[in-house]
Amino acid sequence: MEKKPFVTLEQIREITETYPTPFHLYDEKGIRENARKLYQAFSWNKGFKEYFAVKATPNPFILKILKEEGCGTDCSSMTELMMSKACGFAGEEIMFSSNETPPEEFAYADKLGAIINLDDITHIECLEETLGYIPETISCRYNPGGTFSISNNIMDNPGEAKYGMTTEQIEEAFRILKGKGAKNFGIHAFLASNTVTNEYYPTLARTLFELAVQLQQKTGAKVSFINLSGGVGVAYRPDQEPNDILAIGEGVRKVYEEVLVPAGMGDVALYTELGRFMLAPYGCLVTKAIHEKHTYKEYIGVDACAVNLMRPAMYGAYHHITVMGKEDQPLDHKYDVVGSLCENNDKFAVDRMLPAIDKGDYLVIHDTGAHGFSMGYNYNGKLRSAELLLKEDGSVEMIRRAETPKDYFATFDFTDLFDEMN
Ligand SMILES: *Cc1c(COP(=O)(O)O)cnc(C)c1O
C-alpha cells in the first residue's frame, strides 16, 4: 500500500516558520478515528476498554485525546502513573502492568485505585507487605512458555521472555489471592509484538479464554476481565497489509462465543493495552536534509538523529521516508539517510531508493507516533525535539517544547561553574 504522509509540504513550510526541525508531529484526526474504530470492533463486548500503553507516547495532550475517546491508561512506572493522574484518569481507568516492580509503585498504583496486574507469583507477598492487604480486584500475567505460533509460523518466543507466570503458578496465585480476599480476577498476556496479522488477537484470545475457564472451574475465582494487552502491530513497510481491526474484533468475538459463553462466562469484559496500534501511524518525525556526502556510499545528513527515533538504530527497524514535494519523482538514488551521532548505527535508512535529495528538502519519517519520541535519549549531548499536534481544524499546537541546554544540565549542581562561564 502506498504510504502517504498526513501532512503536506505547504503545512510543513508553515509550521517551520514557528517551530524548527526536527520535530515529532501527531495527527489528532487520525488518532480519534482509529480509536473509534477499535471501540466499534469490540462494541459487542459490554465491558470492553482500551488501556493505552503510556510508554508508547507519554504526552498528556495525547492521553487527553484518548481519554475523550473512552480509553484508560496502561502504566508501568511511577511517572506514568503520575501523568495518568494529572490527566484525570482515576481508579479502574488505570491498569498497572509492570514487572520487577518497586514496592512504592505498587503503593502509589493502589492509592490511585488502579488495577494491579501481577507479573509474578512472588509479587503477591510483596504487594501484601506493601499495602497491608490484597485488593479486591487483581490481575495476573500469564506466560505459556514455548513458542507462540499462528498456523505454523513462529511469531515470538514467550519461553524466553521474562514476563508472566507459568500455568501452574497462575493457578496457585489465584488460590492464594482468593484466600486473601480478592474477588474480581483478571488474566493478562502479551505473547507477540508488532504482529501484522488479523489472527494474533483471536489466537491469543483462545489461549486466554481456555485458561480462564480452567482457572474459574479449578479455583472458584471469578474471572471478571481478560486483558489481551498490546502487540497488534502496524504496517511500517509499504508492502505490508495493515491490520483490519474490525476483522480482529470479529475474530475475537467468534472465539469468545465458542469458549467463554458455553462455560457460562459470557459476562467477562475484554481489555486491550495497545500502544503501537493506537499511535504509530498518527505520528511522524519531520527532519531537514542539511548535508550530502559522497564517499564509498551516498549519504544524506539530516538534522534529526537516533536520539529522536531509536528504532532503526536499535532494531534495524524500517521506517518509510517521504521526501516532501518529490513524491512523483523516480526513486533512482540509493542513499543512507543518517543523523549526527558519533555512532555508525545512527541511520534512519540504509541503501534506500529515494528521489534525488537536495539540501533543504524536508523528509517525513513515517509511523513514529509510538515508541518514537518516548524512546529518546540524550547521547552525545543531543536534545529532545518538540512534539507538535496537528489538530482537527488544521491548526498546530506545541504539546511539548524542545529541550534546551539548560534541561540537559539541569541534573548537575553547576551553578558556580555557570556563573564563572558567564
Ligand atoms: C509495551 C506494552 C504494551 C503495548 O505494546 P504495543 O506493542 O505498543 O501495542 C502493552 N502492555 C504492556 C504490558 C507492555 O509492556
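Buried means under 20% relative accessible area, exposed means over 50%, and partly exposed lies in between, with a 1.4 Å probe and protein chains only. By that rule Ser229 is buried, because its relative accessible area is 1%. This is a predicted model, in which local features need pLDDT of at least 70, side-chain atom pairs count only at pLDDT 80 or more, and totals for chains, interfaces and linings use all residues. Residues are numbered from 1 along each chain as its sequence is written, and side-chain values use heavy atoms, with hydrogens and water left out.

**Loops and backbone**

Helices (H or I, at least four residues) and strands (E, at least two) are DSSP runs, numbered from the N terminus. Ser229 sits in the loop between β10 (223-227) and α9. Its phi is positive, about 60 degrees, although Ser229 is not a glycine. Ser151 also has a positive phi, near 35 degrees, and is a residue other than glycine. The loop between β7 (148-150) and β8 (153-156) holds Ser151. Ser151 counts as exposed, at 65% relative accessibility.

Thr21 and Pro22 are joined by a cis peptide bond, with omega about -5 degrees. Pro22 belongs to the loop between α1 (9-18) and β1 (23-27). Contact means heavy atoms within 4.5 Å. Asn308 lies in the loop between β13 (298-302) and α11 (311-315). At 5% relative accessibility, Asn308 is buried.

**Helices packed on α9**

Helix α9 (residues 245-260) packs with α2 (residues 28-41) and with α8 (residues 200-219). Axes are lines fitted to C-alpha atoms, for helices over the stretch in contact, and angles run from 0 to 180 degrees between N-to-C directions.

| Helix pair | Axes | Angle |
|---|---|---|
| α2 and α9 | within 8 Å | roughly 25 degrees |
| α8 and α9 | 9 Å apart | about 25 degrees |

The angle makes α2 roughly parallel to α9. Likewise, α8 is roughly parallel to α9. Angles under 35 degrees count as roughly parallel, over 145 as roughly antiparallel, 65 to 115 as roughly perpendicular and the rest as oblique.

The crossing of α2 and α9 is right-handed. So is the crossing of α8 and α9. Right-handed means that the near helix is turned clockwise from the far one by less than a right angle, left-handed anticlockwise.

From α2, Lys37, Leu38, Gln40 and Ala41 meet Ile245, Leu246, Gly249 and Glu250 of α9. This contact has 4 nonpolar, 2 polar and 2 charged residues. Ala, Val, Leu, Ile, Met, Phe, Trp, Tyr, Cys and Pro count as nonpolar, Asp, Glu, Lys and Arg as charged, and the others, Gly among them, as polar.

From α8, the contact residues include Tyr201, Pro202, Ala205 and Phe209. Among their partners in α9 are Ile248, Val252, Val255 and Tyr256. The contact of α8 with α9 divides into 12 nonpolar, 1 polar and 3 charged residues.

**Aromatic rings**

There are 14 aromatic pairs in the structure. Rings of Phe, Tyr and Trp (its six-membered ring) pair if their centres lie within 6.5 Å; planes under 30 degrees apart count as stacked, over 60 as edge-to-face and the rest as tilted. Phe409 and Phe412 form a tilted pair, 6.5 Å centre to centre, with 40 degrees between the planes. Phe409 is partly exposed at 29%. Phe412 is partly exposed at 43%.

Ring pairs also link a cluster of Tyr39, Phe42, Trp44, Phe48, Phe148, Tyr200, Tyr201, Phe209 and Tyr256.
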